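Colleague: Could you take me through this model, one topic at a time? I would like to ask about the pieces as we go.

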Amino acid sequence: MMEIASKCGLSFEALKEAINFLEVENIAKIDENTVQFEEGAKVLASVVALKLGSSIDEVSKVLSWKDFEEFVFTIMTYNGYRVRQNLRLRLPKIEIDVLAIRDGRGLAIDCKHWHRSVGLSSISKIAEAQIKRAEKLMMSDEAKRFNLSYLIPVIVTLYSEQLFVNKVPIVPIDKFSNFLNELDSILDMILVIKR
């Protein structure tokens with residue numbers, strides 16, 4: 001258990017408190033060697049770990065790509081956004097991992113759970129694809145239904161440096177909260193798609 005505490009960046013006492021909470025709340029079943037999470041509970045356990053002092057980077061490492069999308073969804077919800085996960089349009093055919101809306105501003109978020117560094121040419125292609133999805137969404141009836149004034153394509157990654165590719169922010173998950181807090185001050189640096 002000391003090894004787990006160390007890897008999570010928690011004190012032994014904080015880990016014991018977290019494990020006790022997980023068991024009491026029926027989030028996980030724990031024996032001496034394993035932790036079995038109930039369906040969908042990994043994200044809740046991740047939020048608990050963050051509240052107990054674990055870093056976002058460490059917590060994100062134990063999440064699958066689906067958990068990672070759920071984690072981003074949860075972060076956006078806690079930041080006061082209305083959120084849709086896996087938004088699919090038929091005409092035109094697109095899918096947005098996470099659509100977050102607040103005060104007419106939309107963030108079309110593509111969640112990339114990379115376990116290694118990705119080259120700039122690959123990131124550039126991913127950014128272009130996200131721009132196209134965001135443009136198609138803004139031209140759809142869904143944009144009217146969601147009352148979107150504008151839409152910002154964003155890519156959230158597990159590992160990466162924060163950078164802008166074709167004015168699309170590529171944001172590591174450990175810097176995502178800061179990005180959301182600073183968003184208004186960097187609007188002139190990023191791509192804003194209007195109707």
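Colleague: Which residue is the bridge partner of Leu87 in strand 4?
Modeller: The partner of Leu87 there is Ile96. Helices (H or I, at least four residues) and strands (E, at least two) are DSSP runs, numbered from the N terminus. Two strands pair if DSSP finds at least two bridges between them.

Colleague: How many bridges are there between strand 3 and strand 4?
Modeller: Strand 3 (residues 82–89) is paired with strand 4 over seven bridges, in the antiparallel sense. These two strands form a hairpin, with four residues between them.

Colleague: Before we go on, what kind of model is this?
Modeller: It is a predicted model, in which local features need pLDDT of at least 70 and side-chain atom pairs count only at pLDDT 80 or more, while totals for chains, interfaces and linings use all residues. Residues are numbered from 1 along each chain as its sequence is written, and side-chain values use heavy atoms, with hydrogens and water left out.

Colleague: Back to the strands. What does strand 5 pair with on the strand 4 side?
Modeller: Strand 4 (residues 94–102) and strand 5 run antiparallel and are joined by five bridges. Within this pairing, Ala108 of strand 5 stands opposite Leu99. Two residues lie between the strands in their hairpin, where Asp103 takes a positive phi near 55 degrees.

Colleague: And how does strand 5 run relative to strand 6, parallel or antiparallel?
Modeller: Strand 5 and strand 6 (residues 150–157) run parallel, with eight bridges joining them. Ala108 has Pro153 as its bridge partner in strand 6.

Colleague: How many residues of strand 4 and of strand 5 are buried?
Modeller: Buried means under 20% relative accessible area, with exposed over 50% and partly exposed in between (1.4 Å probe, protein chains only). In strand 5 (residues 105–112), seven of the eight residues are buried. Strand 4 is mostly covered as well, with seven of its nine residues buried. For the protein, buried residues make up 46% of the 195 residues.

Colleague: Why would nonpolar side chains be found together inside?
Modeller: In soluble globular proteins, nonpolar side chains tend to be buried together. A nonpolar core here is a set of buried Ala, Val, Leu, Ile, Met, Phe, Trp, Tyr and Cys residues joined through side-chain atoms within 4.5 Å. The largest one has 28 residues, and among those with the most contacts inside it are Val72, Leu107, Ile109 and Phe176. Helix 5 (65–78), strand 4, strand 5, strand 6 and helix 8 (176–182) each give two or more residues to this core. Helix 5 gives the most, with five residues. A second, separate core of 15 residues includes Leu99, Met138, Leu148 and Ile193.

Colleague: What about aromatic pairs; how many are counted?
Modeller: The count is one aromatic pair. The rings of Phe176 and Phe179 have centres 6.2 Å apart and planes at 15 degrees, so this pair is stacked. By the rule, rings of Phe, Tyr and Trp (its six-membered ring) pair if their centres lie within 6.5 Å; planes under 30 degrees apart count as stacked, over 60 as edge-to-face and the rest as tilted.

Colleague: How far apart are Phe176 and Phe179 in helix 8?
Modeller: Phe176 and Phe179 are three residues apart, and about one helical turn separates them. Phe176 is buried, with a relative accessible area of 0%, and Phe179 is buried at 1%.
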